Amino acid sequence: MKDLLKVIELELRSNNKLSLNTWNKLSDLKDWDFNLVQHFITEVNLNIKEGNNNFLYKKYNNNLLNSNNTFLKDSRIKYDLLIAITKREQSDLILTDVINRLVIPEKINYKYFEVWGLPVEQARNTCINKAFEYGCEHILFIDDDMIVENTALIKLWETMEETKAIVVAGNYNKKAEYEITAHGSFFSAAKKDDSQDFAVEPLNKDYLKYTDLCAMGFTLINLNLLSQKVPSPYFWVFLAPDGKWAMGEDAFFTKKLIEYTKEFPVVDFRPSILHYDKRWKRIFGKRNKDVTYATNKIDTFEQFDHIRQPPNYPLITACIPKRTEQDPIATNFESLLCLRGFRIEHTSVHGLPVDQARNELCVNSVKMGSKYTFFVDNDIILPENSLVKMLEFLEDDKNNQYGMVVGDYLLKGKVDHSIHLQLEKSGVVTELNRIKNNDSELDSNWLVGLGCALIRTEVFRQLQFPWFQCYSPKLNKIGADMVEEGGVNEDAHFSELLFENGYKIKILRDIKCGHVDFQNKKIFGLDQNIEYSNFDWVNQFNLVT
């Protein structure tokens, strides 16, 4: 099969058709092998159409067993059973303790094997390969999210010996809102329906049923019998090019088993098996108070941290623009409070013009998939609860009307003016602190500074790039003098982009930040009644309030 796939792809890529000799080889294939080759040819033609020059047969061959992979009776390594654990990532916690708590049938010599990081069909085929390598007569598949009673394997083993079935599985539920088995239809009669052209022996136990689709979450397979009657590959996934249908690896295995052996998998309903959703912390299936489950323990922090990741763990990217790499950062981010459902990553750039620096930081934030972009200038001291207040405001804004929320701080200078500007009803632009009202929150209508700003990262997908831009002032001759006029900073440019794209900007006036003048050792606007994230500078510098 491996050589045939290579020949097929080479011929299609070079001649866009198959040779007569290749067609003759295809005519000798059995149904399931021919189905697999048809699927392969469809994928090759799609790759050729899309200009993809990567050879597909190499990927397929990795998933195929060697043609001589049958049960190794004379193998030097000999085990009765391979217990194969499949999981997505190496750090995934295996919920059933196979080593210490799962009861193994007497006089059974077994081997334990884990596989992760592979597509499910490739993972299962890898386990089969490993079982052949160890000379195992049987393989037990256990998915990492299964919690089985400690005698579950004993019961499957007894059923296999009694029924002589090639495949025996435990019953468990899908992860679904309604209670439904992970297997297909169940039956125990001598004949399933008129479409079936062969009879099956009736099962004489009420707790045993045949199934036409065997889920692999906790399944025992007799590899000796399987390898004698069914050719590889045992697991495969068919995906239609239009994506409208698919055949999973368990359906492929079951249908191939039935076609080649005229036998159905057997499901044993005695073992109590729970299907656990690690992310949503939900058990699917009914817990039996009369049994002991072979649940595993958590050994390491990495396992705990991995299993405790919520389904949605939004990211805040804290962005700190600096003039030089050595510039100090006034805020102590370790003291900054945050809502516990969020995680923070810190990024910084230096040596760039301020507009270019902000653009670069925000591009990185978008690439990181951040929910919020948090600008903190290196000379700003944030109150400890500032981020919490801004987060709560944007999180409560369910319609995403506000694109940005900012804290307040003073300019560094002789006059204690706010960084923010407002347009008054009279049409005059004035400093925020000169507006006489007691509102702790205010909608901006002109310009806000970006030294303490929390921005929805989604706005960067809505606005055209560049998002931040400075316009240098022009020199105009007024009388005998040359006067600079018309300069605009990046904060004014970004504020205007938000307004004209329908976003609002909220100023939280009770977030009073300190503004540090490192050169002259002064701090502007620090309120001594507020807990700040960093008091080191307060002890060193003079306060200007």
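Q: What should I keep in mind about the numbering and the pLDDT limits here?
A: Residues are numbered from 1 along each chain as its sequence is written, and side-chain values use heavy atoms, with hydrogens and water left out. The model is predicted, so local features need pLDDT of at least 70 and side-chain atom pairs count only at pLDDT 80 or more, whereas totals for chains, interfaces and linings use all residues.

Q: OK, how many residues are in the largest nonpolar core?
A: That core has 33 residues, and Leu 81, Ile 83, Leu 140, Ile 142 and Phe 218 have the most contacts inside it. A nonpolar core here is a set of buried Ala, Val, Leu, Ile, Met, Phe, Trp, Tyr and Cys residues joined through side-chain atoms within 4.5 Å, where buried means under 20% relative accessible area, exposed over 50% and partly exposed in between, with a 1.4 Å probe and protein chains only.

Q: Which elements give two or more residues to it?
A: They are strands S1 (81-87), S3 (138-143), S4 (146-148), S7 (208-211) and S8 (218-222), together with helix H6 (152-163); helices (H or I, at least four residues) and strands (E, at least two) are DSSP runs, numbered from the N terminus. The largest share, five residues, comes from H6.

Q: And what does Ile 142 touch?
A: Not counting residues up to four places away in sequence, Ile 142 touches Ile 83, Ala 84, Ile 85, Thr 86, Val 98, Leu 102, Gly 217 and Phe 218, with contact meaning heavy atoms within 4.5 Å. There is also a second, separate core of 28 residues, which includes Ile 128, Ile 139, Val 167 and Ile 221.

Q: Switching to the sheet, in what order do the eight strands come?
A: The order is S2-S1-S3-S8-S5-S11-S7-S6, in an open sheet with mixed pairing, where two strands pair if DSSP finds at least two bridges between them.

Q: In what sense do S1 and S3 pair?
A: They pair in the parallel sense over six bridges, and Leu 82 has Ile 139 in S3 as its bridge partner.

Q: Is Glu 9 buried or exposed?
A: Glu 9 counts as buried because its relative accessibility is 0%. It lies in helix H1 (residues 2-15) and, leaving aside neighbours within four places in sequence, is in contact with Phe 40, Val 44, Asn 54, Phe 55, Leu 56 and Tyr 57.

Q: How many aromatic pairs does the structure hold?
A: It holds 15; rings of Phe, Tyr and Trp (its six-membered ring) pair if their centres lie within 6.5 Å, and planes under 30 degrees apart count as stacked, over 60 as edge-to-face and the rest as tilted. In one of these pairs, the rings of Phe 187 and Phe 264 have centres 4.9 Å apart and planes at 90°, so the pair is edge-to-face. Phe 187 is in strand S6 and Phe 264 in the loop between helix H8 (249-261) and S11, 77 residues apart.

Q: What about Phe 375 and Phe 468?
A: Those two form an edge-to-face pair, 5.7 Å centre to centre with 90° between the planes, and both Phe 375 and Phe 468 are buried.

Q: Which charged end sits over the ring of Phe 375?
A: That of Arg 358, 4.7 Å from the ring centre, where a charge sits over a ring if NZ of Lys or CZ of Arg is within 6 Å of the ring centre and within 35 degrees of the ring normal.
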